[in-house]
Amino acid sequence: MQSHKMNHANPGIKCQVQSCYYYMTGDQCTADCIEVLPKDANSTSETDCGTFTKKQ
Ligand code: SF4
């Protein structure tokens, strides 16, 4: 899935990952869409954002 950085927050996502390229102050995400993995997760803690990109 190809995500694009918007110039505003995605209102449907709250995220605390401040080291991500898509992160915006206020625990917001500027990606137009995100992908969550893995397929075989059994709990909240086993899921991760696959769209995460390390901020340069
Ligand atoms: S892409 Fe994922 S990790 Fe990055 S800010 Fe958005 S929800 Fe958080």
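Where is the place of Ala9 relative to strand S1 (23–24)? Ala9 sits in the segment before that strand; strands are DSSP runs (E, at least two residues) numbered from the N terminus. This is a predicted model, in which local features need pLDDT of at least 70, side-chain atom pairs count only at pLDDT 80 or more, and totals for chains, interfaces and linings use all residues. Residues are numbered from 1 along each chain as its sequence is written.

**View 1. Surroundings of Ala9.** Not counting residues up to four places away in sequence, Ala9 touches Met24, Gln28, Cys29 and Thr30 (contact: C-beta atoms, placed from the backbone, within 7 Å). The C-alpha atoms of Ala9 and Gly26 are separated by 9.5 Å, and the two residues are 17 apart along the chain.

**View 2. Asp27 in the loop between S1 and strand S2 (28–29).** Asp27 is not a glycine, yet has a positive phi of about 55°. With 13 other C-beta atoms within 10 Å, Asp27 is partly exposed.

**View 3. The largest nonpolar core.** Its five residues are Cys15, Tyr22, Tyr23, Cys29 and Ala31 (such a core is a set of buried Ala, Val, Leu, Ile, Met, Phe, Trp, Tyr and Cys residues joined through C-beta atoms within 7 Å). Beyond its neighbours within four places in sequence, Tyr23 contacts Cys15, Val17, Gln18 and Cys29.

**View 4. The cis peptide bond between Leu37 and Pro38.** Omega is about -5°. Pro38 belongs to the loop between strand S3 (36–37) and strand S4 (48–49).

Conventions: Buried ≥ 20, exposed ≤ 12 C-beta atoms within 10 Å, placed from the backbone. Contact = placed C-beta atoms within 7 Å. Helix = DSSP H or I, 4+ residues; strand = E, 2+ residues; numbered from the N terminus.
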